[in-house]
Amino acid sequence: MIFDKLANINLYKGLYPNLDIAIDYITSNDLNALPVGKHEIVGKDVYVSVQELQGKDVATTPFEIHKKYLDIHVDLSGYEIIETGDMGHAKETGFDENRDFGIVECENKVTSYLCAEDFYICMLDEPHKPACAAKEDDKAIRKCVFKVLV
């Protein structure tokens, strides 16, 4: 997990070629101008989904994992919690290869609070709970989730 301010995102270039492509896209485009939906950047290798949603209940939301794509979460408006689970003690309860999506159980976790100008990178096989409501009275979140093939 990498959690930082968008102003620092270029510090994380060099880890993976497709991650560099996503970072270049983030730094050279107005993400707020993107309409809701999926936008291909480099075919299925790098793409972004712009989402408008209501934050979920952190207590009942399961941890998810991905084995092919890492995620970059960029909040545009609203405020969310993303929990990151302990990979060493995660118990996988199901995985769909076609969707690159699995559910895991984790007891140990770290909580991050994201708002506009923050980003969160979730690595492969790293349990995470995105889009959880941080504010009970305002659950509206607009965000970009970049999918990066590693």
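**Exercise 1.** Determine in which sense S5 and S10 pair, and over how many bridges.

*Solution.* S5 and S10 pair over four bridges in the antiparallel sense, where strands (E, at least two residues) and helices (H or I, at least four) are DSSP runs numbered from the N terminus, and two strands pair if DSSP finds at least two bridges between them. Within this pairing, Ile72 has Ile121 of S10 as its bridge partner. The model is a predicted one, in which local features need pLDDT of at least 70 and side-chain atom pairs count only at pLDDT 80 or more, while totals for chains, interfaces and linings use all residues. Residues are numbered from 1 along each chain as its sequence is written, and side-chain values use heavy atoms, with hydrogens and water left out.

**Exercise 2.** Describe the largest nonpolar core and the surroundings of Leu31.

*Solution.* A nonpolar core joins buried (under 20% relative accessible area, 1.4 Å probe, protein chains only) Ala, Val, Leu, Ile, Met, Phe, Trp, Tyr and Cys residues through side-chain atoms within 4.5 Å. The largest has 22 residues, and Leu31 and Ile72 are among those with the most contacts inside it. H1 gives the largest share, five residues. Leaving aside neighbours within four places in sequence, Leu31 is in contact (heavy atoms within 4.5 Å) with residues including Ile26, Val74, Cys144 and Phe146.

Conventions
Buried < 20%, exposed > 50% of the residue type's maximum accessible area, 1.4 Å probe, protein only.
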